[in-house]
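Subject: Structure handover

Hello,

Here is the structure I promised you. Please open it next to this email and follow along.

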Amino acid sequence: MKHLEHSKWTAVKKIKNWRHYEVLNINKKAEIVEMFSVCAKKIRIEVPFEDLRDNSKWMRILNFLCDIIFKIFFNAFLSFFNGNFFSN
């Protein structure tokens with residue numbers, strides 16, 4: 001279950017008006033994860049392990065992909081802010 005810690009998921013259909021969630025707690029006995037909405041952190045849901053395995057309900061977002069995209073945009077922003085964006 002270590003692979004589920006802080007993992008990010010996208011709901012195929014909106015849940016409580018949101019799609020993007022991150023795992024907060026893992027209950028191994030009940031086989032349930034508690035998740036919060038990435039966009040509205042106060043919104044919490046509980047999802048059975050079985051539902052996370054169902055690709056028609058949930059898709060896993062690769063954490064490293066999100067980190068790479070963030071770094072690319074952040075570096076571009078810094079380059080633009082420092083005036084280096086248009087230099088050769």
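Helices and strands are DSSP runs, numbered from the N terminus; a strand needs at least two residues. With that in hand, find Lys 16 in the loop between strand 1 (8-15) and strand 2. We will come back to Lys 16 below.

One caution before the details. This is a predicted model. The mean pLDDT of the protein chain is 85. Of its residues, 85% reach 70 or more. Strand 4 (residues 44-48) has the highest mean pLDDT, 98. Helix 2 (residues 63-81) has the lowest, 72.

**Overall layout**

The protein chain has 2 helices and 5 strands. Their order along the sequence is β-β-β-β-α-β-α. The chain has 88 residues, and 20% of them are buried. Residues 24 or more positions apart account for 33% of them.

**The aromatic pair**

How many aromatic pairs does the structure hold? There is 1. Tyr 21 and Trp 58 form it, in an edge-to-face arrangement. A pair of aromatic rings is described by the distance of the centres and the angle of the planes. Here the centres are 5.9 Å apart, and the planes stand at 75 degrees. Tyr 21 belongs to strand 2 (residues 18-27) and Trp 58 to strand 5 (residues 58-61), so the pair ties together parts that are 37 residues apart in sequence. Both Tyr 21 and Trp 58 are buried.

Next, look at strand 3, where Phe 36 is found. Is Phe 36 buried or exposed? Its relative accessibility is 12%, so Phe 36 counts as buried. In sequence, Phe 36 and Tyr 21 are 15 residues apart. In space, their C-alpha atoms are 5.4 Å apart. Leaving out residues up to four places away in sequence, Phe 36 touches His 20, Tyr 21, Glu 22, Leu 24, Lys 41, Ile 43 and Arg 44.

**Glu 22, a charged residue inside**

Glu 22 is on that list. Glu 22 is found in strand 2. Glu 22 is buried, yet it has no salt bridge. Which side chain of opposite charge is nearest to Glu 22? That is Lys 8, 4.1 Å away. A salt bridge needs the nitrogen and the carboxyl oxygen within 4 Å. Leaving out residues up to four places away in sequence, Glu 22 touches several residues, among them His 6, Ser 7, Lys 8, Glu 34 and Val 38.

**The salt bridges**

Side chains of opposite charge can pair when their charged atoms come close. The whole structure has 2 salt bridges. Arg 44 forms one of them with Glu 34, with the closest N and O atoms 3.7 Å apart. This pair links distant parts of the chain: Arg 44 is in strand 4, Glu 34 is in strand 3, and they are 10 residues apart. Arg 44 is partly exposed, with a relative accessible area of 40%. Glu 34 is partly exposed too, at 21%.

Asp 51 forms a salt bridge with Lys 57. Their closest N and O atoms are 3.2 Å apart. Lys 57 is partly exposed, at 38% relative accessible area.

**Loops to look at**

Back to Lys 16. Most residues other than glycine have a negative phi, and most peptide bonds are trans. Phi of Lys 16 is positive, near 55 degrees. Lys 16 is exposed, with a relative accessible area of 51%.

Glu 31 also has a positive phi, near 55 degrees. Find Glu 31 in the loop between strand 2 and strand 3 (32-37). Glu 31 is partly exposed, with a relative accessible area of 47%.

Last stop: Ser 56, in the loop between helix 1 (49-52) and strand 5. Its relative accessibility is 51%, so Ser 56 counts as exposed. Ser 56 and Lys 13 are 43 residues apart along the chain. Their C-alpha atoms are separated by 9.0 Å.

Best wishes

Notes. Residues are numbered from 1 along each chain as its sequence is written. This is a predicted model: local features need pLDDT of at least 70, side-chain atom pairs count only at pLDDT 80 or more; totals for chains, interfaces and linings use all residues. Side-chain values use heavy atoms; hydrogens and water are left out. Helices (H or I, at least four residues) and strands (E, at least two) are DSSP runs, numbered from the N terminus. Buried means under 20% relative accessible area, exposed over 50%, partly exposed in between (1.4 Å probe, protein chains only). Contact means heavy atoms within 4.5 Å. Rings of Phe, Tyr and Trp (its six-membered ring) pair if their centres lie within 6.5 Å; planes under 30 degrees apart count as stacked, over 60 as edge-to-face and the rest as tilted. Lys and Arg count as positive and Asp and Glu as negative; His and the chain ends are not counted. pLDDT is the predictor's confidence in each residue, from 0 to 100.
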